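Here is a short briefing on one structure. Look at the model first, then read the points below.

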Amino acid sequence: MAFPKKKLQGLVAATITPMTENGEINFSVIGQYVDYLVKEQGVKNIFVNGTTGEGLSLSISERRQVAEEWVTKGKDKLDQVVIHVGALSLKESQELAQHAAEIGADGIAVIAPFFLKPWTKDILINFLKEVAAAAPALPFYYYHIPALTGVKIRAEELLDGIQDKIPTFQGLKFSDTDLLDFGQCVDQNRQQQFAFLFGVDEQLLSALVMGATGAVGSTYNYLGRKTNQMLEAFERKDLSLALNYQSCFLIYFSCLGFGVSQTKAIMTLVSGIPMGPPRLPLQKASREFTDSAEAKLKSLDFLSFTDLKDGSLEASS
Ligand SMILES: CC(=O)N[C@@H]([C@@H](O)[C@H](O)[C@H](O)CO)[C@@H](O)CC(=O)C(=O)O
């Protein structure tokens, strides 16, 4: 089995799908976006077509093209490109999984189907197993995001014996605030060397304490460098610096808002790369929001990372 040379760990940016003002995908900026993540944010792993990437709002053909563009532009620059291939239709999910393997992606992830839902662990595993089997050489990650899917099966329950059913299972992307469930997943599966990737960015420090081996999230698009500093502080057991980062992050960024529309607007401001509006049913961030976010980011010196004071996101004034 062609598993990655190294385990998926550290920060993984959940990529935004850039769009034009007309709502078409803007493929032309993806190369620039890769360079920005690597050079400016120090982030070399990406998660494509997930929540932040509006994967479920794209057509299957668009999802294939987006995945292909990221793999092509990321070649020799990124470490790992994981493609989210979850869909309501098993057939579509399998088609996307097979496509991810064909284009040379490094892994696939799948959410629980969320319209006609699996109500038991065994049914969910059966669905995931069928998708994973369509890409038998690719590492498989379960993407647990119960608030959005409405599928409340605890991850800890799902992981019990999962590799017997899904031999390519390599880890969990856990986008939920139930740290007890997360901690139990880590605790019970430590010996299997799975990747435990936390997906609630504003709680990452707590998840590190519970044993997270990495993180997938929207904010690592523009806060990758600062979050890497937090990871380093945590590694050095400098909890006070790590906490300083997490607190600053909570105070400063939670007031800006974290929806996909806001993420697109903030990323455009911070990176200078146009991300465009989201697709319906999401609404473009209002001018009022963008103006106040810009003022806030300026007051933090945040529109130029190089000016940031070490270990602090505090306002320059
Ligand atoms: C619900 C949601 O979008 N969660 C984000 C977080 O990164 C989130 O934006 C962040 O924690 C801020 O709330 C990620 O877990 C989603 C993600 O990784 C993805 O785009 O698939």
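UniProt positions are given in the numbering used here, feature names are shortened, and annotations may be inferred rather than shown by experiment. This is a predicted model: local features need pLDDT of at least 70, side-chain atom pairs count only at pLDDT 80 or more, and totals for chains, interfaces and linings use all residues. Residues are numbered from 1 along each chain as its sequence is written.

**The annotated site**
- An unreviewed UniProt entry places the feature "binding site" at Thr52 and Val216.
- They span 165 residues in sequence, yet no two of their C-alpha atoms are more than 10.6 Å apart, so they gather at one spot.

**Thr52**
- Thr52 sits in the loop between strand E2 (45-48) and H2. Helices (H or I, at least four residues) and strands (E, at least two) are DSSP runs, numbered from the N terminus.
- Thr52 is buried, with 27 other C-beta atoms within 10 Å. Buried means 20 or more such atoms within 10 Å, exposed 12 or fewer, and partly exposed in between, with C-beta atoms placed from the backbone.

**Val216**
- Val216 belongs to strand E8 (residues 214-217).
- Val216 is also buried, with 29 C-beta neighbours inside 10 Å.
- Leaving out residues up to four places away in sequence, Val216 touches Val12, Ala14, Phe47, Lys173, Leu197 and Gly199. Contact means that C-beta atoms, placed from the backbone, lie within 7 Å.

**Thr52 contacts**
- With residues up to four places away in sequence left out, Thr52 touches Ala14, Thr15, Ile16, Ser218, Val260 and Thr263.

Terms used:
Two residues are in contact if their C-beta atoms, placed from the backbone, lie within 7 Å.
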